[in-house]
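Welcome! Please have a look at the structure below, and then we can walk through some of its features together.

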Amino acid sequence: MSTPAKSPKQLLSWEGAILGLLLLYPLFPMFENLFFGATKRSLGDQLPTVFIFVILAYGLNVVVGYTGLLHMGIAAFFAMGAYVAGVLMTPVFPFQWSFWVALPIGVAVAALFGVLLGTPTLRLRGDYLALVTLGFGEVTKFTLLNLEELTSGTKGLSPVPPPELPYISASLWSDDYRPFYYLTLGFLLVVSLLLRNLERSRLGRAWIALREDELAANCMGLNPGKLKLAAFALGAGIAGLAGVLYATRLTSTANPNAYDFNRSIFMICCLILGGLGSRLGVLVGVMMLVGFDTIVTPIMDTFIQQNVPNSGGKLYLSFTGWRLAIFGMALILMMRFRPEGLIPSSRVKHELHPDEEVTVVVNPVTMGSNTLEVEQLKTGGQRS
Amino acid sequence: MMLLFAQEAAVSSTAMAPWLTQLLQAGLDGLAFGALIALIALGYTMVYGIVELINFAHGDLFMLGGFLALTLFTAIGWKEKADASVLVVVLAVLGVMLVSMIFCAGLNVAVDYFVYKPLRNAPKLAPLVSAIGVSFVFMNAGLFWGGAQDVNFPKLVSSDNLLDKSVGLRLTMQDVLIYSVTIPLMIGLTAFIKYSRLGKAMRATAQNPVAARLMGINTNFIISMTFGIGGALAGAASIIYALNINTISYTMGFQNGIYAFTAAVLGGIGRIPGAVLGGLLIGLVRSLGSTYVGEKWVGVLIFGILIVILVFRPTGLLGSPTREKV
């Protein structure tokens, strides 16, 4: 099959444009100053964390978005990456290896656990698989909390040294935001390119076929077990990469409670808000939700404190207090009114609204158990 | 049964070996907690049996019921403990339990109507994600209601040992309260589902919604009713939990919800006797686990059981194998 020639529009995708602009951001300190003047926060300091979460969300997107398996324990693999970095890099243990050695090991360990978890569980149906992954996430968290000899319990492992790079001294890593900014953005670009190519490869198309209709895909000669396992391993590996970066960025593995169910659900919220399976959507979803947490909420909190009398100490008069409700309502409303996400992938969008006029008659008997897309097609068809 | 056995064993041997006392005590505590978990698990299993939805918000509904009970008791003026005769306390607890049950039932029905019902024909994961959303909203409501810290619940039921000191075991009024609420409710529910007309309709809807509709059953009403009954059981569970533990917090829904869900899966999700059996087993695992393995490993143990059961016997202990419809 020959791929059609790319139009210029395809070459300059929105995702590429956003990432390109981010690449240029540190070159123009005026934006940084402008933002700092408005919010008293350095955007450049916040962005590396956002990039790490985008990488994590991309990893989750391989499992949930492409392959259609609801994975509710991605934080476990994130934690594994972070703790491998913690064990191999901190002075707590005799290894003290370099970041560049710990990174591939972290990815490999996470991917290995992805395979170990996936091998027995992937034949389970959707909602049971979701629970197994949830259970795995919690078991990992509790184990990290309890194995104090290895993980230092709630204290976490620290200090994780910065990566070794020529011309960049250790003090520069901590004083200037730019080394981490470019390091994390670089990894994000690599992951993004990898996934862009993967989406169009045989494997990526097979995943999407599996998501659409597992039975049909199986009949066409695809091996669902192997494909799901590959998605699980890749997703876990990318999450492990994000974990190594996260620990390096924080210079500590943090408390194991940072890798709990809420983290996993937060990532799922990002995916659903942005658009499952859509890289641009995931990017925007993470930026919106992390931005909400780290930028909007503090600004609104200070605003309320300054303008509403006697608001101190009252939870419902702070923006932070409404965080859970806002996230919850976002999930409910998105599922109800826009299940494809704010910026759906073109494939999903086309299936949901081909030229905005589609009348699909779906048999109510078979409807109950078809896969994601077919049924979204139905709801989409009815709505438009 | 096991309770009676334990008591008999306790009575017959006046001086038991310490290890036996420890084992029996852990068993007794486990059964009481398990009965409570079973009550919550019933709500999961009934809803799952009928709409195949893992109602993630069920645990948090249970939590809201606890806060309502606290508010009601505070309104009566019983903040620390009751200063009234036993009869008044019993009546008040019953009354508050009834209000809490109605509240939870109504809330669950309303959530079903506004959130899950429009998604009835959507892919299965859509209502599951919505349920997580509802759970967050409930948690936030609990946060506003009771604050971020643990809240003390009035100590209305004594925790004095009812058994003679020579026995060496502890069985408190709080444990008796659990049994005296859970056992009648479970028997009533079983009888309702087995013998009443509506119960029959529920079973039919669970088996095949389309065929049930063709037979003239108003399946939407049946689904609402299932949510209502499940919610009512959570409301009842919440107040006996609060009277037993004496502290409540807005996060108690998640953990107990997961315990209850594990119980439902362990027993065979969709099966009512399964939820009861699973609940008792989970209670025993929790209590024996914290006695012999260590309290901090209980979470790992319970989630480990959840994973192992789902992987090796997804139908649970009492479930019959079903194949995913294609």
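pLDDT is the predictor's confidence in each residue, on a scale from 0 to 100. You will need it here, as this is a predicted model. Let's begin with confidence and then turn to contacts.

**Confidence in chain A**
- The average pLDDT of chain A is 83, and 87% of its residues score at least 70.
- Within chain A, helix 13 (residues 224–250) has the highest confidence, at a mean of 95, while helix 18 (residues 364–367) has the lowest, at 44.
- Residues 1–9 of chain A stay under 50 in pLDDT, and the model gives them one contact beyond four places in sequence.
- Residues 357–370 of chain A are also below 50, yet this stretch has 19 contacts in the model beyond near neighbours in sequence.

**Where the chains meet**
- Chain B brings 38 residues to its contact with chain A, and chain A brings 46.
- On the side of chain B that touches chain A, helix 5 (125–146) and helix 12 of chain B are the elements giving two or more residues.
- Helix 5 of chain B gives the most to this side, with 14 residues.
- This side of chain B is made up of 27 nonpolar, seven polar and four charged residues.

**Two packed helices in chain B**
- Helix 11 (residues 272–292) and helix 12 (residues 298–312) of chain B pack at about 145°, their axes 9 Å apart.
- Their crossing is right-handed.
- Among the residues making the contact are B:Ile282 and B:Val285 of helix 11 and B:Leu301 and B:Ile305 of helix 12.
- Six nonpolar, two polar and one charged residue make up this helix contact.

Definitions and conventions
Residues numbered from 1 in each chain as written. Chains lettered and ligands numbered in written order. Predicted model: local features only at pLDDT ≥ 70, side-chain atom pairs only at ≥ 80, totals over all residues. Axes fitted to C-alpha atoms, helices over the stretch in contact; angles between N-to-C directions. Helix = DSSP H or I, 4+ residues; strand = E, 2+ residues; numbered from the N terminus. Left-handed = near helix turned anticlockwise from the far one by under 90°. Contact = placed C-beta atoms within 7 Å. Nonpolar A, V, L, I, M, F, W, Y, C, P; charged D, E, K, R; others polar.
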